[in-house]
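This report looks at how the chains of one model are arranged and how they touch. Please keep the sequence and the structure in view while reading.

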Amino acid sequence: MSLNPDRLFPADERTRAIARELHQRTADLPLVSPHGHVDPRLISENQPFPDPARLFVVPDHYLTRMLYSQGVTPAEMGVASVDGTPSEVDGRTIWRRFAEHYRLFRGTPSKMWLDHTFAEVFGIYKELGAGTADEFYDHLSARLTEPAYRPRALFDRFNIEVLATTESPVDSLEPHAALAATPASGGRQWGGKGGKVVTTFRPDNMVEPGWPGWSERVERLSEITGEDTSTFDGFLAALRSRRQDFIAAGATCSDHGNLTAATEDDPKAAAEIYAKALKGEADETEILRFPALMLTEFARMSVEDGLVMQLHPGSNRNHNQWLYDGWGRDVGGDIPNATEYTRALKPLLDAFGNHPRFRIVLYTLDETVFSRELAPLAGGYASVFLGAPWWFLDSPEGMRRFREAVHETAGFYNTAGFVDDTRAFCSIPARHDVARRIDAAYLARLVAEHRMTEHEAAEVAIDLAYNQPRKIYGLESQ
Amino acid sequence: MSLNPDRLFPADERTRAIARELHQRTADLPLVSPHGHVDPRLISENQPFPDPARLFVVPDHYLTRMLYSQGVTPAEMGVASVDGTPSEVDGRTIWRRFAEHYRLFRGTPSKMWLDHTFAEVFGIYKELGAGTADEFYDHLSARLTEPAYRPRALFDRFNIEVLATTESPVDSLEPHAALAATPASGGRQWGGKGGKVVTTFRPDNMVEPGWPGWSERVERLSEITGEDTSTFDGFLAALRSRRQDFIAAGATCSDHGNLTAATEDDPKAAAEIYAKALKGEADETEILRFPALMLTEFARMSVEDGLVMQLHPGSNRNHNQWLYDGWGRDVGGDIPNATEYTRALKPLLDAFGNHPRFRIVLYTLDETVFSRELAPLAGGYASVFLGAPWWFLDSPEGMRRFREAVHETAGFYNTAGFVDDTRAFCSIPARHDVARRIDAAYLARLVAEHRMTEHEAAEVAIDLAYNQPRKIYGLESQ
Amino acid sequence: MSLNPDRLFPADERTRAIARELHQRTADLPLVSPHGHVDPRLISENQPFPDPARLFVVPDHYLTRMLYSQGVTPAEMGVASVDGTPSEVDGRTIWRRFAEHYRLFRGTPSKMWLDHTFAEVFGIYKELGAGTADEFYDHLSARLTEPAYRPRALFDRFNIEVLATTESPVDSLEPHAALAATPASGGRQWGGKGGKVVTTFRPDNMVEPGWPGWSERVERLSEITGEDTSTFDGFLAALRSRRQDFIAAGATCSDHGNLTAATEDDPKAAAEIYAKALKGEADETEILRFPALMLTEFARMSVEDGLVMQLHPGSNRNHNQWLYDGWGRDVGGDIPNATEYTRALKPLLDAFGNHPRFRIVLYTLDETVFSRELAPLAGGYASVFLGAPWWFLDSPEGMRRFREAVHETAGFYNTAGFVDDTRAFCSIPARHDVARRIDAAYLARLVAEHRMTEHEAAEVAIDLAYNQPRKIYGLESQ
């Protein structure tokens, strides 16, 4: 399937022509990816990708969840089970199953990203389906053996300027060290401060005492940092110390996937819960309260060390119990909850929201807060910026609704620019392409309706695609 | 008023042309109506309709509520009062009042449905108003005496393939038996399994102990089924037995109009509340909890007998106390509540959400859940499908927003297709016409923006209009 | 910057042509402004406006909040501090700062209003920016010294038919008395009943016992009215008496800015809380409950004296504590909360919602209630009407979404028409211009999609712009 050069632009000829013009200003700008889930070893080890099924289908829960929603089980799609029950292992079989069901994705972002990747990255201009499954599989498999399709080669071909991965405080930063030791390409070092691949400090598994293995991780943190994590002060010191390691590995941001946006500023209460949790005596209320208390502690650290906070609340993790029991986390069983921000964030914002060195980027899975809470907060606090539409909202319609609901109150310059948030490395160009096209389309409508000049719109388009993410996520000072 | 052939299509010429093409593929498909409120006696008795006022205005709370919102009382519109206070009885007077206020409906679905019905069903191509009220009344009255305007004649002329009515477990299925005994037309039987008119099992008045007459209905259920409903097990057995009667009368679905989407899986608690409720000792919390418990019991039955569940939560019934006191239920006094699904449905979905024989269709009056909860649930559970926009959302803009918010996450094939949900028999073609046009318009935009091919869109249009509702509501296996 | 005559109309040529036609029908209608915050002394004293910075920037929290969201403090923008800490006083310096940051407002309503005002009111057809700041400042300053730019001259030039200001029961109505004594112009008196400038009864600071100075205000109310406010009955009598003063000063409405839409009908409870509050013994729950109880008391008064109620709930006042501590109220630190109406309003509507002499206009900052709660309420109660999109929603996209979400259920005639709600006197024509254009654009789409005739749309456009606000806010009987 060939990609129409006008894809995602409005049908109206006048508006489409403007969108086309605007998009030409951003189409070739480098990709800035300040938030994502690519495994850093992919780049540091630079091994060939596995077969097409394992590259595109098996690890992508956008795809496996849609197939499951129509009765095709994760096992049939090759997802490894928790208890070792065999799943399909033959790549071609998985791929054929996927191709047979490709119609389920009609009109979805997943299909748009895949079709873009097949065409632009792999040079296949056909429509995937039962009849073409083998042809795709053979073509893709052949490409994947070539040096030009190794991760680092693709990274440079994709024109990625910087890619942030996400690690927990107890994760090894070895891959990032390896990247820092990798010979530079294109005049820029691969890892370390200011490198092409940087890390992000994501401490979720340290602040949820109910998450299996928490006390072991707390001990591990002590080993890594040499701090005594048996006290809350020691725990904080260990986190502070670990943040310095992350900063050395290029981190400019922390990221927080709390269940809600609740915050509290009460170090004493946090210390008490911590002590109880270590003894296994924290009750459910306390376990839920701890992340809210810790969010403010992390804000306190941000003011000290300059890491930009990102907050991704609202995901009811592992809602589908059967999926979780059978195939574990991150296989598509999460469902959003309604998420309140106005009251929830007040304690944190009271403490740091007007501090000149503090910055927080808010994301949501609940679009009802776009106009009601997020835009007013971003337009009312110097520290608050809005992240790109996330996950289920990372889509043409989601992005359009985001701009429509947010820009009139918060303007364009309180939004942080696009992040791809993906573990699907090969889809990165496709995702940025969609975002740039949708912003061009939206700005084109404002121009066509005489709400902005074309000159203003061009400047905004470039800022949103490139300057804003570099600035807001702290990448431009690197 | 003549109907423009391009009505509801986008103004943009390019998109409109595509919409026109797509709509031609679905315009003549049979109507599948798997959820509605037409009285089965209308078809079984096949008597002439009453006068135009009693056919179109008096029983349609969409119309009487709008008139009341501008001060015209239900009594003035001929709605029968609860206490026998006289209401207007003269059909022509009611009709004139309605016509004088027809401007209130400008741009609303009600007007669109009526104008379509006047033109396509009755051949009147004028605009209703004070000046034309009598002409309409006379014309309609004359038509209604003709054999071609009897219900069964219209049913066949409307090209309805199947129409589901809605009955309570204690309602008589006599009209359906009569339909089963009616000579077939067009090669298909009128009633019974696989018939043109089928029933739906709607047990709301059996699961709300606070609903006046509940214990009498429980006894009546015992009489009908021969089961001993003085125990909870007997109650469940009676419901199971009655479901078999409904299945024999063609039912493929049950329907549940709970106040919320809350569910609980706890048969013991249900049995306790049932026992207390029978003695009149259940408190308000228990009375509210019982339907949530019963929803899971009905899911359990569905897994056994195959009835597809439909859930219609979120209506705050009889909000307008004065209307309720004066004119009773279903006269337009209901107002939606915010409705949570993610947490609410988890107990039921934990129990049956991944069972291969379970299927549930979710509806909502709260469009904030479209992208936040419903699309992720439908895209994450094999058993979950999304019902058409309902009631206040059964409108061009409501349907458009539904597709925009849902399809990128859930695709098209996790939506169940259109249901007209109406008691206004003559408006059925108009309602399906609107839905098919809006889907054509939406798909046309995706094609015009190069997000789908025209070939894909045509297939989806046909599936949404015909194949999906047949499949999801269990009608195709009949 | 010149104003394009097609601004805000849809790009599609067919629809744009219809919008143009419709807009011509309303463009020159008088402005009806039944709810706003202009200081009545502005008109009664008719002094020249201050310098451009103090006229346009310093008092407009839409502007100062956006600048603050990017780190420019209120002090730098000349906002007076609470404790006397010096703020910038030089108008030209403030103006230059504003001009340098004008790009932040790209595509926002604020910029649209300002550009319109610069062009249409002051005859400047350039783009404001760092390079043109001084030119703007000099031009505007020169104009502001001319008699034609005095408030009353502009009032008549703006073609304002009536402008409602907002006063508290303990505010002086002196300016309104002065207006009543001002010689008429254009054949109509300036103040008093039926005058060009009228007041609105806004008792918020009398019903929030936690608001500093409450008991002093209660005493002041006693002094003004001669009623004994030491008892609840006396308090009510004083409010009743004061409403008569307001009615004499032209008021046709009351306005209520409660935190939520909660209502209760329980005069006894209200009396008890009142007594405790006077003694300083009301607890937080009681303090929050009192406004809910008083809302129903005011409804009771409305039925007696005919004032139309307006309800503006949902603003979490002074969310930004640092802004509030430093610069006080109304400087941009308010953030909306989610707001429930269906259950909240039931007690009030049970009591008066079907009373033929009662009328209430509902506003919201939470657009999720447009289709779910507000449209059904307005379409289900004769007394309920919907106010224009307010504050953060008073924008082209906000207005469009309002019509799209509301009109199919409530029609056009249960909406009350546009209110500008502004303290920025010079922006009044710009705001009405935006509203009329957006309604024209929306109606044009309905016409282009054959959902209304052009004749119907023209009538609706005129009704929304002129007849509805006059009728719903009780201005036409004056």
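The sections below cover the basis of the model, the relation between copies, one interface and some salt bridges.

## Basis of the model

This is a predicted model, in which local features need pLDDT of at least 70 and side-chain atom pairs count only at pLDDT 80 or more, while totals for chains, interfaces and linings use all residues. Residues are numbered from 1 along each chain as its sequence is written, chains are lettered from A and ligands numbered from 1 in the order in which they are written, and side-chain values use heavy atoms, with hydrogens and water left out.

## How the copies are related

Chain C is superposed on chain B by a rotation of 120° with 0.0 Å of shift along its axis, at an RMSD of 0.0 Å (least squares on the C-alpha atoms of residues with pLDDT of at least 70 in both copies). The two copies are therefore related as by a three-fold rotation axis. They use different surfaces, as 5% of the contact residues of chain C recur in chain B (contact means heavy atoms within 4.5 Å).

## The interface of chains A and C

Chain A gives 44 residues to this contact and chain C gives 48 residues. The buried area between them is about 3,800 Å², with 47% coming from carbon and sulfur atoms (buried area is the accessible area, with a 1.4 Å probe, that two parts lose on being put together, summed over both). On the side of chain A, Arg372(A), Glu408(A) and His450(A) lose the most area to chain C, together 18% of what that side buries.

Between chain A and chain C there are 10 salt bridges (a side-chain nitrogen of Lys or Arg within 4 Å of a carboxyl oxygen of Asp or Glu). One salt bridge joins Glu13(C) to Arg14(A), with the closest N and O atoms 2.3 Å apart. Glu13(C) also meets Arg20(C) in a salt bridge, at 3.8 Å from N to O.

## Salt bridges elsewhere

Over all chains, the structure holds 147 salt bridges. Asp463(B) pairs with Arg103(A), their closest N and O atoms being 3.3 Å apart. This pair crosses between chains, from helix α20 (residues 454–472) of chain B to the loop between α5 (91–100) and α6 (109–121) of chain A (helices are DSSP runs of H or I, at least four residues, numbered from the N terminus). Asp463(B) is buried at 10% relative accessible area, whereas Arg103(A) is partly exposed at 34% (buried is under 20%, exposed over 50%, partly exposed in between, with a 1.4 Å probe and protein chains only).

Within chain B, Asp115(B) forms a salt bridge with Lys111(B), at 2.8 Å between the closest N and O atoms. Both lie in helix α6 (residues 109–121), 4 residues apart, about one turn of the helix.

Terms used
Helix = DSSP H or I, 4+ residues; strand = E, 2+ residues; numbered from the N terminus.
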